[in-house]
Amino acid sequence: MDPVRDPEENEPKQLREYADLEHARVIEIGTGNGRMTWRYASLTKSVAGIDPEFDRLKEAVDDRPKNFAPEVYFAQAKAEALPFKDSTFDGAIFAWSF
Amino acid sequence: MHALEEVRRVVQKDGWLLDIRPMASKPPLELAFGDEIQFAGEIDDSAWVLDEELVNDALEIVFARGDFLKERVGRFKLSTYWDTLDEFASWADENWDDVLIPENTLENATKIMEQDERKFKIRVTYTMLIGRYRKS
């Protein structure tokens, strides 16, 4: 059984305090299965979740709440070669992935 | 380093970069029952120290170059809970290649659970780093 991570919701509180998420176009590097993405995506204009591991991204796509599509989308890529044009995003989140 | 350059490219002028990651901090393994917490021992994550130093060094280089400005850095606690010690041990085995659970930590946890019949949850609490940097 999967563990329960951060039921105290410290992580989303900190995310909201530190990042200018309101209506922002965000790229999340190391999005994995979207565990963290769902905790802030509703505040943003859009989120592009990037991860090199296809299986984890598939989990994220399968779990994506219907009201988030297509504003939350996922791409298999490495941080060293992002498939986006210059200046596409307002902000970037390195999620447990530096 | 190249990842930071690439992120800088795709973020607009004055855009932000949020860095959120666990710090190597010998996190405590505890047994939790409601508000009652019993310490069983530490987890050995010292293998992460070198990686952490490399990341911090790479960030210092981009700050020194003026690619990003460090605006704010803080810390917070993030806890993860398992229902049983077996579930925790099995999860750790599958997910932590380079983190060691010292034998006495597991022994202490087992001893506490044998002496107290309440249904404790297993809790590991990491100190997290959170930093906001601004593209300059």
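This is a predicted model: local features need pLDDT of at least 70, side-chain atom pairs count only at pLDDT 80 or more; totals for chains, interfaces and linings use all residues.
**View 1. The interface of chain B and chain A.**
On one side, 36 residues of chain B are in contact with 39 residues of chain A. Together the two chains bury about 3,400 Å² between them, and carbon and sulfur atoms give 61% of that area. Within chain B, the residues that lose the most area to chain A are B:Val10, B:Trp16 and B:Ile20, which together make up 20% of what that side buries.

**View 2. What chain B brings to the contact with chain A.**
Several elements of chain B each supply at least two residues of the side that touches chain A: helix 1 (2–10), strand 1 (11–22), helix 2 (48–65), strand 4 (68–82), helix 3 (85–95) and strand 5 (121–135). By residue class, this side of chain B divides into 20 nonpolar, 6 polar and 10 charged residues.

**View 3. A salt bridge between the chains.**
Between chain B and chain A the count is 3 salt bridges. In one salt bridge, the side chain of B:Arg72 meets that of A:Glu17, with 2.5 Å from N to O.

**View 4. A parallel pairing of strands from two chains.**
Strand 5 of chain A, residues 89–95, is joined to strand 1 of chain B by 6 bridges, and the two strands run parallel. Here A:Gly91 stands opposite B:Trp16, a residue of strand 1 of chain B.

**View 5. Strand 4 of chain B and its two partners.**
Strand 1 of chain A, residues 4–5, runs antiparallel to strand 4 of chain B, and 2 bridges join them. In strand 4, B:Thr80 is the residue that A:Arg5 stands opposite. Within chain B, strand 4 also pairs with strand 5, in the antiparallel sense and over 14 bridges. For B:Arg75, the bridge partner in strand 5 is B:Leu129.

**View 6. Chain A as a whole.**
Chain A has 2 helices and 5 strands. Read from the N terminus, its elements follow the order β-α-β-β-α-β-β. The C-alpha trace of chain A spans about 35 × 30 × 30 Å along its principal axes. A compact globule of 98 residues would have a radius of gyration near 13 Å, and chain A agrees with this because its own value is 13 Å.

**View 7. A:Glu11 and two arginines in chain A.**
Over all chains, the count comes to 20 salt bridges. One of them is between the side chains of A:Glu11 and A:Arg35, at 3.0 Å from N to O. A:Glu11 lies in helix 1 (residues 10–18) and A:Arg35 in the loop between strand 2 (25–29) and strand 3 (46–51), so this pair ties together parts of chain A that are 24 residues apart in sequence. A:Arg39 is placed in the loop between strand 2 and strand 3 of chain A. Its side chain makes a polar contact with the side chain of A:Glu11, at 3.3 Å. Leaving aside residues up to four places away in sequence, A:Arg39 touches A:Arg5, A:Asp6, A:Glu9, A:Glu11, A:Pro12 and A:Arg16.

Technical notes. Residues are numbered from 1 along each chain as its sequence is written. Chains are lettered from A and ligands numbered from 1 in the order in which they are written. Side-chain values use heavy atoms; hydrogens and water are left out. Contact means heavy atoms within 4.5 Å. Buried area is the accessible area (1.4 Å probe) that two parts lose on being put together, summed over both. A salt bridge is a side-chain nitrogen of Lys or Arg within 4 Å of a carboxyl oxygen of Asp or Glu. Helices (H or I, at least four residues) and strands (E, at least two) are DSSP runs, numbered from the N terminus. Ala, Val, Leu, Ile, Met, Phe, Trp, Tyr, Cys and Pro count as nonpolar, Asp, Glu, Lys and Arg as charged, and the others, Gly among them, as polar. Two strands pair if DSSP finds at least two bridges between them. The radius of gyration is taken over C-alpha atoms; the globule rule is 2.2 Å times the number of residues to the power 0.38. A polar contact is a pair of N or O atoms within 3.5 Å; within protein, one must be able to donate a hydrogen and the other to accept it, and residues adjacent in sequence count only if both atoms are side-chain atoms.
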